[in-house]
Amino acid sequence: MARKPVDVTDAELSILQLLWGRGEATVRDLTHSLYPKQSPSDLATVQKLLKRLEEKHCVQRDRSQWPHVFRPSIQRGELIG
């Protein structure tokens, strides 16, 4: 069964691109790549974007370890198609 099309913002797409390239990452890893200065608001922004992507079923969170690790649950082709 085909997935419903998913709309992602440019900011969400930036996170997905990092995850596609790395396979998995923590919030801090992603924040460091997107915002090298890592202010508290940058960290909160990445957390919020990941939450939205999780709600859209684009990423999965592994809660079995700390810090939580995020992995893409949608491939590039699925998002584009």
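**View 1. A hairpin of six residues joins strand β1 to β2.** The model is predicted: local features need pLDDT of at least 70, side-chain atom pairs count only at pLDDT 80 or more, and totals for chains, interfaces and linings use all residues. Residues are numbered from 1 along each chain as its sequence is written, and side-chain values use heavy atoms, with hydrogens and water left out. β1 spans residues 59–62 and pairs with β2 in the antiparallel sense, over four bridges. Pairing requires at least two DSSP bridges between the strands. Val 59 has Pro 72 of β2 as its bridge partner. Helices (H or I, at least four residues) and strands (E, at least two) are DSSP runs, numbered from the N terminus.

**View 2. The buried residues of helix α2 are Val 27, Leu 30 and Thr 31.** The helix covers residues 27–34. Buried means under 20% relative accessible area (1.4 Å probe, protein chains only). Down the axis of α2, the buried residues fall within an arc of 100°, so they line one face of the helix. The arc is taken from the directions from the helix axis to the C-beta atoms. These residues pack against α1 (10–22), α3 (40–55) and β2 (69–72); contact means heavy atoms within 4.5 Å.

**View 3. The largest pocket has a volume of about 220 Å³.** α2 and α3 are the elements that give two or more residues to its lining. α3 gives the most, with three residues. The lining includes Val 27, Arg 28, Trp 66 and Phe 70. A pocket is an open set of points on a 1 Å grid over the protein atoms alone, where a 1.4 Å probe fits, with protein on both sides within 12 Å along at least five of seven lines; lining residues have an atom within 4 Å of a point. The volume is the space filled by probe spheres set on the points, which are joined across faces, edges and corners.

Key
Buried means under 20% relative accessible area, exposed over 50%, partly exposed in between (1.4 Å probe, protein chains only).
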